[in-house]
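Subject: Structure handover

Hello,

Here is the structure we talked about, with my notes below it. Please load it first and read on with it open.

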Amino acid sequence: MIAILGEVDIPKAVDYFIEMTKDSTIKHEYNVDKKFMHDGGWGVVYTQDNDTKLHKSIKPVYEDDLEELKKCKIHLLHARKATTDKISLENTHPFDAEKNGKKLYFCHNGTIRDEMEIEGAKGNTDSEKFFLKLAKTFDPYSDVLGIQRVLRTIIDYSSINSFLLSDD
């Protein structure tokens, strides 16, 4: 999972992202037996021709063609390591939702086991349900403490390592 802000060498960032998903970077602390490969699909939020777009694929990112993407302004990149639920386009990050007339984008690392019945979920992954709970519960433009309120409602999880929330 990568967020890109400011001036960044996009082709280099994309290449490094691909290497990370294959678990082949020397900086990865657990790359001994390649069990940390992220092969459960991938997605990206990017801007092309002043239009913010979301693209998802169920292919492992290292088996896909990202050459055209290297020419765009990238905001979020996420490669999924499916720990729960099936590999599907609907379960692939980033997720999007509308809030107050703006599009929100979200990706998450970790596993939440709480049962969350959330209206509007397209897939069945814990990450999308968590995002929709966040989007429904608080206004990201005026209620930063709302994230803490939602996090306090999560009881059964192995990890909520990190998440990225962005708008267009």
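A residue counts as exposed when its relative accessible area is over 50%, as buried when that area is under 20%, and as partly exposed in between. By that cut-off Asn50 is exposed, because its relative accessibility is 79%. Keep in mind that this is a predicted model.

**Backbone at the turns**

Asn50 sits in the loop between E2 and E3. Its phi is positive, about 60°, although Asn50 is not a glycine. The turn also holds Asp49, with a positive phi of about 55°. E2 and E3 make a hairpin here, with two residues between them.

The hairpin of E5 and E6 also has two residues between its strands. Asn100 lies in that loop. Its phi is near 55°, a positive value in a residue other than glycine. Asn100 counts as exposed, at 57% relative accessibility. E5 (residues 95-99) and E6 (residues 102-112) run antiparallel and are joined by five bridges. Lys99 stands opposite Lys102 of E6.

One more backbone point: the peptide bond between His93 and Pro94 is cis, with omega at about -10°. Pro94 belongs to the loop between E4 and E5.

**The four-stranded sheet**

In what order do the four strands of the open sheet stand? The order is E1-E4-E2-E3, with antiparallel pairing. E1 (2-3) and E3 (51-57) are the edge strands. Each has a single partner strand, so one side of each is left without a neighbour in the sheet.

Strands of a sheet pair through backbone hydrogen bonds. E1 is joined to E4 (residues 73-79) by two bridges. Ile2 has Leu77 of E4 as its bridge partner. Helix H1 (residues 10-21) packs on the sheet and touches E1 and E4. The direction of H1 makes about 0° with that of E4.

**Gly43**

Gly43 deserves a look of its own. The residue is found in strand E2, and Lys56 in E3 is its bridge partner. Is Gly43 buried or exposed? Gly43 is buried, at 0% relative accessibility.

Beyond its neighbours within four places in sequence, Gly43 contacts these residues:

- His55 and Lys56
- Leu76, Leu77 and His78
- Thr92, His93 and Pro94

Gly43 and Arg80 are 37 residues apart in sequence, and their C-alpha atoms are 8.4 Å apart.

**Salt bridges**

The whole structure has nine salt bridges. Three of them follow.

Asp15 and Lys70: the closest N and O atoms are 2.6 Å apart. Why does this pair tie together parts that are 55 residues apart in sequence? Because Asp15 lies in helix H1 and Lys70 in the loop between E3 and E4. Asp15 is partly exposed at 35% relative accessibility, while Lys70 is buried at 14%.

Lys71 and Glu68: the N to O distance is 3.0 Å. Lys71 is exposed at 64% relative accessibility. Glu68 is exposed too, with a relative accessible area of 54%.

Arg113 and Asp156: the N to O distance is 3.1 Å. This pair links distant parts of the chain, 43 residues apart. Arg113 is in the loop between E6 and helix H2 (126-137). Asp156 is in the loop between helix H3 (145-151) and strand E7 (157-167). Arg113 is partly exposed at 44% relative accessibility, and so is Asp156 at 36%.

There is also a network: salt bridges that share partners join Asp15, Glu67 and Lys70.

**Surface patch**

Which residues form a nonpolar patch on the surface? They are Ile58, Ile87 and Leu89, with about 260 Å² of accessible area together. Leu89 is in the loop between E4 and E5. Its relative accessible area is 42%, so Leu89 counts as partly exposed.

Best regards

Key
Residues numbered from 1 in each chain as written. Predicted model: local features only at pLDDT ≥ 70, side-chain atom pairs only at ≥ 80, totals over all residues. Heavy atoms only, no water. Pairing = 2+ DSSP bridges. Contact = heavy atoms within 4.5 Å. Axes fitted to C-alpha atoms, helices over the stretch in contact; angles between N-to-C directions. Patch = residues over 30% accessible without salt bridge, like charges linked within 9 Å, V, L, I, M, F, W, Y side chains within 5 Å. Areas by Shrake-Rupley, 256 points an atom, 1.4 Å probe, with all protein chains shown as cover. Salt bridge = Lys/Arg side-chain N within 4 Å of Asp/Glu carboxyl O. Buried < 20%, exposed > 50% of the residue type's maximum accessible area, 1.4 Å probe, protein only.
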